[in-house]
Amino acid sequence: MSRTASLTAAEIATQPACWRRAAEAAAAFDRLPRPGERVAVTGCGTSWFMAIAYAALREASGQGETDAFASSEFPAGRTYDRVVAITRSGTTTEVLELLGTLRGKVPTLALTADPKTPVMDAADAVAVLDWADEESVVQTRFATTALAFLRAGLGPVAGLKPVAEAARDAELAVTEPLPEAVVDAEQWTFLGRGWTYGLALEAALKMREAAGAWTESYPAMEYRHGPISITGPGRVAWVFGELPPGLAADVAGVGGTLVSSPGDPLADLIRAQRLAVTLAESRGLDPDRPRNLTRSVILPG
């Protein structure tokens, strides 16, 4: 397989269509969290970061208290009206163990890509997004499709585009050339506020997974409380969503490169995914099979 035909690159390009289908699926699915419910969202790795984004988005939309936890760190004894688990493979040990402990205590919903896995029996309800499954070890389209599905289930949210409109921004993100200064940089810091902080975490993870790149991620307003010290010539500060006042001048003042897209922040994550693939290929790495990683973490019993 040639470097330009990686599975990851091909899967990244399908996201606009996946999001549109996710919006349609959410409209027909009746087991999503209801307004007013106290909800926890959980997952591991990329799925945890999507959980963080959804939790912040749901709570900011006024639909109820919403927390996010890595499945291994779920607080025992804390009460919720519903728990949502995101697991592409449906086999991740920590997610399955958590769902087992919650069985009969709180209604659970799982989002997965594979209907032939143990999560189908572990959760009370399952949304199968199998059209967004991936062959690549690195998650791209399933993660964003799961978030698009949950986001669409919130209905209209002030200041946020409908998922179908976000998909149009995604079409541009799939095709527009990446800025040369961003591709040639030696270090990248990803920033976000509210729900886009989860996107920043995921962008940094994608760069580390696929390309072994030096990346960091922080809440955008925390950037000036230390992390700005790493920025300089040849280094990037990439902001998802609204740009905090004065931040552009601060980045310019230390000689860094600022990236800030006017489009939907979820679409902007696609650009970071593409950058990760581009860097991996330039370094002779296989973005489909990153070092030290597998599709699912299954721990010995």
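These are my notebook entries on what I looked up in this predicted model.

**Ground rules**

I am working with a predicted model, where local features need pLDDT of at least 70 and side-chain atom pairs count only at pLDDT 80 or more, while totals for chains, interfaces and linings use all residues. Residues are numbered from 1 along each chain as its sequence is written, and side-chain values use heavy atoms, with hydrogens and water left out.

**Entry 1: helix H11**

I started with H11, which covers residues 265-282. Helices here are DSSP runs of H or I with at least four residues, strands are runs of E with at least two, and both are numbered from the N terminus. H11 has 18 residues and reaches 26 Å from its first C-alpha to its last, close to the 26 Å expected. That expected span is 1.5 Å times one less than the number of residues.

Is H11 enclosed or open? Fifteen would be my spelling, but I'll keep the figure: 15 of the 18 residues of H11 are buried, so the helix is largely enclosed by the rest of the structure. Buried means under 20% relative accessible area, exposed means over 50%, and partly exposed is in between (1.4 Å probe, protein chains only). Just after H11, I found glycine 284 with a positive phi of about 75°.

**Entry 2: the residue at the start of H11**

Next I looked up aspartate 264, which sits in the loop between strand S9 (257-260) and H11. Aspartate 264 counts as buried because its relative accessibility is 3%. This residue caps the N-terminal end of H11, with a side-chain oxygen 2.9 Å from the backbone nitrogen of leucine 266.

Which side chain joins aspartate 264 in a polar contact of 2.6 Å? Arginine 151 does. A polar contact is a pair of N or O atoms within 3.5 Å; within protein, one must be able to donate a hydrogen and the other to accept it, and residues adjacent in sequence count only if both atoms are side-chain atoms. Leaving aside neighbours within four places in sequence, aspartate 264 is in contact with Arg151, Leu160, Lys161, Ala166, Asp169 and Trp195. Contact means heavy atoms within 4.5 Å. I also checked glycine 159: it is 105 residues from aspartate 264 in sequence, yet their C-alpha atoms are 10 Å apart.

**Entry 3: inside H11**

Aspartate 268 is in H11 itself. Its relative accessible area is 2%, so aspartate 268 is buried. Its side chain makes a polar contact of 3.0 Å with that of tryptophan 238. Outside four places in sequence, aspartate 268 is in contact with Trp238, Val239, Phe240 and Ser261.

**Entry 4: the core**

The largest nonpolar core has 73 residues, and Trp19, Trp188 and Phe190 have the most contacts inside it. H11 gives the largest share of this core, 10 residues. Such a core is a set of buried Ala, Val, Leu, Ile, Met, Phe, Trp, Tyr and Cys residues joined through side-chain atoms within 4.5 Å. I followed tryptophan 19: among its contacts beyond four places in sequence are Leu266, Ala267 and Ile270.

Valine 236, in strand S8 (residues 235-240), is buried, with a relative accessible area of 1%. Not counting residues up to four places away, valine 236 touches several residues, including Trp188, Thr257 and Val259.

Just after H3, glycine 62 takes a positive phi of about 85°.

H3 (residues 46-60) also gives the largest share of the lining of the second largest pocket, 3 residues. Of the 19 lining residues, Arg193, Gly194, Trp195, Thr196 and Glu242 lie nearest the pocket's centre. I put down its volume as about 320 Å³.

On a 1 Å grid over the protein atoms alone, a pocket is an open set of points where a 1.4 Å probe fits, with protein on both sides within 12 Å along at least five of seven lines; lining residues have an atom within 4 Å of a point. The volume is the space filled by probe spheres set on the points.
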